[in-house]
Protein chains: 4
Amino acid sequence: MIKVGIVGGTGYTGVELLRLLANHPSAKVTAVTSRKEAGMKVAEMFPSLRGRVDIAFSTPDETDLQACDVVFFATPHGVAMAQARELLEVGVKVIDLAADFRLKDPAEFAKWYAMEHSCTDLLAEAVYGLPEVNRDAIKNARLIGMAGCYPTSVQLGLLPLLEGGKQYVETTTLIADCKSGVSGAGRKAEVGTLFAESADNFKAYGVKGHRHSPEIEQGLSLIHGAPVKLTFVPHLTPMIRGIHSTIYARIKPEGRDVDYQQLFEQRFAAEPFVDVMPAGSCPETRSVRGGNTARIAVHRPGNGDLLVILVVEDNLVKGASGQSVQVMNLMFGLPENAGLDIVPLLP
Amino acid sequence: MIKVGIVGGTGYTGVELLRLLANHPSAKVTAVTSRKEAGMKVAEMFPSLRGRVDIAFSTPDETDLQACDVVFFATPHGVAMAQARELLEVGVKVIDLAADFRLKDPAEFAKWYAMEHSCTDLLAEAVYGLPEVNRDAIKNARLIGMAGCYPTSVQLGLLPLLEGGKQYVETTTLIADCKSGVSGAGRKAEVGTLFAESADNFKAYGVKGHRHSPEIEQGLSLIHGAPVKLTFVPHLTPMIRGIHSTIYARIKPEGRDVDYQQLFEQRFAAEPFVDVMPAGSCPETRSVRGGNTARIAVHRPGNGDLLVILVVEDNLVKGASGQSVQVMNLMFGLPENAGLDIVPLLP
Amino acid sequence: MIKVGIVGGTGYTGVELLRLLANHPSAKVTAVTSRKEAGMKVAEMFPSLRGRVDIAFSTPDETDLQACDVVFFATPHGVAMAQARELLEVGVKVIDLAADFRLKDPAEFAKWYAMEHSCTDLLAEAVYGLPEVNRDAIKNARLIGMAGCYPTSVQLGLLPLLEGGKQYVETTTLIADCKSGVSGAGRKAEVGTLFAESADNFKAYGVKGHRHSPEIEQGLSLIHGAPVKLTFVPHLTPMIRGIHSTIYARIKPEGRDVDYQQLFEQRFAAEPFVDVMPAGSCPETRSVRGGNTARIAVHRPGNGDLLVILVVEDNLVKGASGQSVQVMNLMFGLPENAGLDIVPLLP
Amino acid sequence: MIKVGIVGGTGYTGVELLRLLANHPSAKVTAVTSRKEAGMKVAEMFPSLRGRVDIAFSTPDETDLQACDVVFFATPHGVAMAQARELLEVGVKVIDLAADFRLKDPAEFAKWYAMEHSCTDLLAEAVYGLPEVNRDAIKNARLIGMAGCYPTSVQLGLLPLLEGGKQYVETTTLIADCKSGVSGAGRKAEVGTLFAESADNFKAYGVKGHRHSPEIEQGLSLIHGAPVKLTFVPHLTPMIRGIHSTIYARIKPEGRDVDYQQLFEQRFAAEPFVDVMPAGSCPETRSVRGGNTARIAVHRPGNGDLLVILVVEDNLVKGASGQSVQVMNLMFGLPENAGLDIVPLLP
């Protein structure tokens, strides 16, 4: 059994890791840290885990994370970069669910996350945790910066169109109109995400600029092999889990005769966690609730020059914790779907 | 007091008309028809009206609608066109909240609504019920086809950019990514809009083509004075009321130096029910819940060539019943805001 | 126009007061204090008030509340008792929406609110703000401790059964099983009331003891003229507004032949804000959303010895701000329903 | 592998059976009937099952249910009683999730379900599907009438108090104040359970009498060995899944010294799917979302004479489909938790 440590187990990605790993056949959580809740049983804070997770939160200082095979950071931005080196040096693999190892340019990191990067030498080594793009690199990595929730959905939706320098669509006019459930904002005491503030309400936010913009553009540019520009408009929708990305791409003359349904189906045929829906479908977020699958549909209204790509994922699973377990499976040579054979919860 | 008849009072636009007119200083509902519920007190079906609305539903046949000054059709498509002529002939004004008198081309109507138009001679006379565009025509009209909920928000959001042939933005690449609360689907027994189907869920629908597309394009083309093309993608979001339209418009070279914040503010300065938010704002649907106001914000991310216009409205008020009362006020020479001075309900 | 000051305008009862008073014919808000948000326009924090409320938050210190005719405290517990005396001394009436002047026994206050009462001499003078019980006293009062949200619903539901020493039901086995929307917890940054914590979820809380228990028992005992004991179990339900109280009362032999439907109807016939539903009805919380009405139904299942009384109210209106405006109207000799003729928002 | 047939696979208990059985190690669904949807792939109606459930709906007539080892009826009331005999005769076990085999008295059935019972001779043989009460009988049964959703929660909550004639609490004054999510009403096109009708709303229903009342009283009387009377008041709460039962029981003098926390813990210590929470807890419905566990807390406010028992379950799992898989496991000698080791989905 792989010994797993979780740093920061009191947030939504932490409890989701605990849920997923509780049923993992080859991994076992041996430590969960929380400075604030040290001593409390994990299942006391999250009664859904009663009878399934027996350990208590421990302080970071007293926890022997070096005895783990892999440590997940389910922490605020800035924590993993302070602790990763020490773990890597003793052979512990590190998977960061926050943003510390996503952006390759430390100046970009500093600009968007309002802190200096303290571990720039590891940035080059860190592999971006998006298996559909980086599967081989992930297998050999010891440090992973997991893809963000929005960026996962947008990159998956555009992968077949941009990969390897394909010239099907314009790469300067891309738009991603994304909608997220409220759990995406994390388990933090804040007025804006109170039930009475966000229920029966819908709004855009971060239109001027959102941290996931540079991550998406960096990812798409690497996928494409040339600079890609995308306008990203996130919205908050009154549901707990789920992201729905509606992506607009203008077809170039050289892309007019492509069969996009077939392109998408072929690209993802072998992917265990990407499901291309039949032509004409509109995927629902609830069809992936609790599961690690992203579902995608590609539309070309009126057979015109605009592609409309619809992508749904569970932001806490494929958009975070589930994908990080998928990455762990790859890093340890396990079946990629180990612990992830979940049927989504509908209704 | 203006005597008001409502045909079809058991749906959401019907009960919303009753709510609004219950506090109207110069209008009084004297008849509400429902074939199915005839005899039942209106307040028995909608207890929110107890003590405020005393009449009962009556059958259409036995109801003397000709004694009214104005009749609202809050009915399924196809009802108003069968009854309007008779009412107009005896001098009763007609306001249709359904789609019978929206599209000017009967072939388009037949295509999108799956029925022949039975009253084509009145189509030319019917005025499109969008006061910010057609105020003067409305004042003199006897037959109104009210603007749809989505079309109201999209046309208001693009009005300052397109009006009078303005050449600020491309008119063939417009996109409206719209999100509606579930009441927009009406008060009909259907599986798809059950709570357990639509709560905690988000999805697009009608991507292949939606009835509001031709209405929006017809309206924008009239506003612009030249053909306008727009891709319309509606989504269902788990809230009761509200529409949020996120509109994308590409700036043309001749629009690069325009101050769009100022353009929007000036255009709507005199409009009683359109509120341009301060620069940088993101309007929330709840900020207009129950009220007749549409709030608009205009963004230009990174000062680039894409405008992002955010519009919120209450689909049952500014998107339907409230706007129809506004139209009635205009038709009868009343203050435009009579009965509509509502502070939205927040939280 | 009555000049109104609001201390603590950034919470839900504060913004609800602003909504209600914006349409009040005889009152005008002249000051809204907030230490933290001083200088910010009220409508900037609550865009629903744009165009309707023009003033800004001011610091408590710089605000001349003594120039007001009445001051509402929409503050956390403990604020009103520190400031009330000074206002009363210069003739300003005081209405506290928090708990400072509800409990008559300072020891009880200290026990349940974890602070000493700093103004015990005013406790005797303070009138309990529940018009259906204390209308005359309210008319002559200068200091009001408004009834809490749960206590309002429970006392109204039991009023006809207990008033004046009536011996219809047992007074030691009463049960109130109450369910509240999440806005009842206030607009405070807390994890427990986040959307992702409280949506799609239902739970009891405070079963061991809740602050509203002593308030309810004090009120019922005064109503009855003898000690009354009640078990109070509150629950949190995933909606924004609304309280539903299900009250269980055992009929005593002397109450077996009472016509309870008639008893309730007669008791409340003259009450402008209590609506007794027809026999057999089950009131819905949405039937009072945004309105100041409480709706009540009384059931006697199987014609047995147990009465089941159902009471709904909007916790922010009849349960707080609306009732406080009703009280203000009484204190100033205005029509009791001034500013409160609201048709609830359904759907 | 056990071959499983499901009659009526288009409702919520049907799709939930499909979800649970998709991960069952020893059972496989070989047929799912639906008269209306015959020919459609199950995963087309429920995309959450894409890639996991490959079969299509078939017409009841053409489906060889006799080739199954067990058939679940996830149908409206009245279907199972028409088809059970034929299946039993050829050795197929039958598990009915509807009410056909719950009530032992055909007159009671006829009264509450508005149809004559067409299969009364099997009523005596049918075993009530509540494993915590009837485990041994279930193991040997060939026909099961599954416990209803509300009745499961109420009987589990009262089991330790009433079992075997215990005299701890009064058995004529019991009250169950129950709250259910909207999926409990089924996947039927109805106005009352539309999102826009039931979101942001709370109400009681069926106060005059609900079908689950006789089932609960029959079950409790059998458990107790003497007649038990209970007042049952169900409520609808705006969530998808979950039942919360708040049960009130008056302690008799002989029950005053009982340690109820210990009583409950001991009674359920060996039960795999009943979790007694620590003293003072309030279980949340989301702590069992998607899982087969019921969680129970027992309170005695003020150490008085009233017990307050809180029970939560997922109405579609422990309240229906999950419990029926548990029953199947018992009937076929499988581990009771086979396919049911699910960690609930939180948040």
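User: How much area do chain B and chain A bury between them, and what share of it lies on carbon and sulfur atoms?

Analyst: In this predicted model, chain B and chain A bury about 3,400 Å² between them, with 55% of that area on carbon and sulfur atoms. On the side of chain B, Asp200(B), Phe202(B) and Val207(B) supply 18% of the area buried against chain A, more than any other three residues. The contact takes 40 residues from chain B and 40 residues from chain A.

User: Why is the pair Arg286(B) and Glu197(A) called a salt bridge?

Analyst: The term requires a side-chain nitrogen of Lys or Arg within 4 Å of a carboxyl oxygen of Asp or Glu. The side chains of Arg286(B) and Glu197(A) meet at 2.6 Å, N to O. That value lies within the 4 Å cut-off, and therefore the pair is a salt bridge. Across the interface of chain B and chain A, the rule finds eight salt bridges.

User: How many residue pairs are in polar contact across the interface of chain B and chain A, and which elements give two or more residues to the side of chain B?

Analyst: There are 25 residue pairs in polar contact across this interface, counting pairs with both residues at pLDDT 80 or more. The elements of chain B that give two or more residues to the side touching chain A are strand 8 (174-180), helix 7 (195-198), strand 9 (203-204), strand 10 (230-236), strand 11 (243-250) and strand 14 (306-313). Strand 11 of chain B provides the largest share, four residues. By residue type, this side of chain B divides into 19 nonpolar, 10 polar and 11 charged.

User: What makes chain A and chain D copies related as by a two-fold rotation axis?

Analyst: Chain A can be laid on chain D by a turn of 180 degrees and a shift of 0.0 Å along the axis, with an RMSD of 0.0 Å. The two copies are thus related as by a two-fold rotation axis.

User: How do you know that these copies meet through the same surface?

Analyst: Of the interface residues of chain A, 100% are also interface residues in chain D, so the copies meet through the same surface. The contact takes 31 residues from chain A and 31 residues from chain D. Between them the two chains bury about 2,700 Å², 62% of it on carbon and sulfur atoms. In chain A, the residues that lose the most area to chain D are Arg50(A), Val343(A) and Pro347(A), together 25% of what that side buries.

User: Why do Arg50(D) and Asp275(A) count as a salt bridge?

Analyst: Their side chains meet at 2.6 Å, N to O, and the cut-off is 4 Å. Helix 1 (12-22) and strand 12 (274-276) of chain A each supply at least two residues of the side that touches chain D. Helix 1 of chain A gives the most, with five residues.

User: Why is Leu49(A) called buried?

Analyst: Buried means under 20% relative accessible area, and Leu49(A) has 1%. Leu49(A) is therefore buried. This residue is found in the loop between helix 2 (42-45) and strand 3 (57-58) of chain A. Leaving aside residues up to four places away in sequence, Leu49(A) touches Val15(A), Leu18(A), Arg19(A), Val42(A), Ala43(A) and Val343(D).

Technical notes: Residues are numbered from 1 along each chain as its sequence is written. Chains are lettered from A and ligands numbered from 1 in the order in which they are written. This is a predicted model: local features need pLDDT of at least 70, side-chain atom pairs count only at pLDDT 80 or more; totals for chains, interfaces and linings use all residues. Side-chain values use heavy atoms; hydrogens and water are left out. Contact means heavy atoms within 4.5 Å. Buried area is the accessible area (1.4 Å probe) that two parts lose on being put together, summed over both. A polar contact is a pair of N or O atoms within 3.5 Å; within protein, one must be able to donate a hydrogen and the other to accept it, and residues adjacent in sequence count only if both atoms are side-chain atoms. Ala, Val, Leu, Ile, Met, Phe, Trp, Tyr, Cys and Pro count as nonpolar, Asp, Glu, Lys and Arg as charged, and the others, Gly among them, as polar. Copies are superposed by least squares on the C-alpha atoms of residues with pLDDT of at least 70 in both. Buried means under 20% relative accessible area, exposed over 50%, partly exposed in between (1.4 Å probe, protein chains only).
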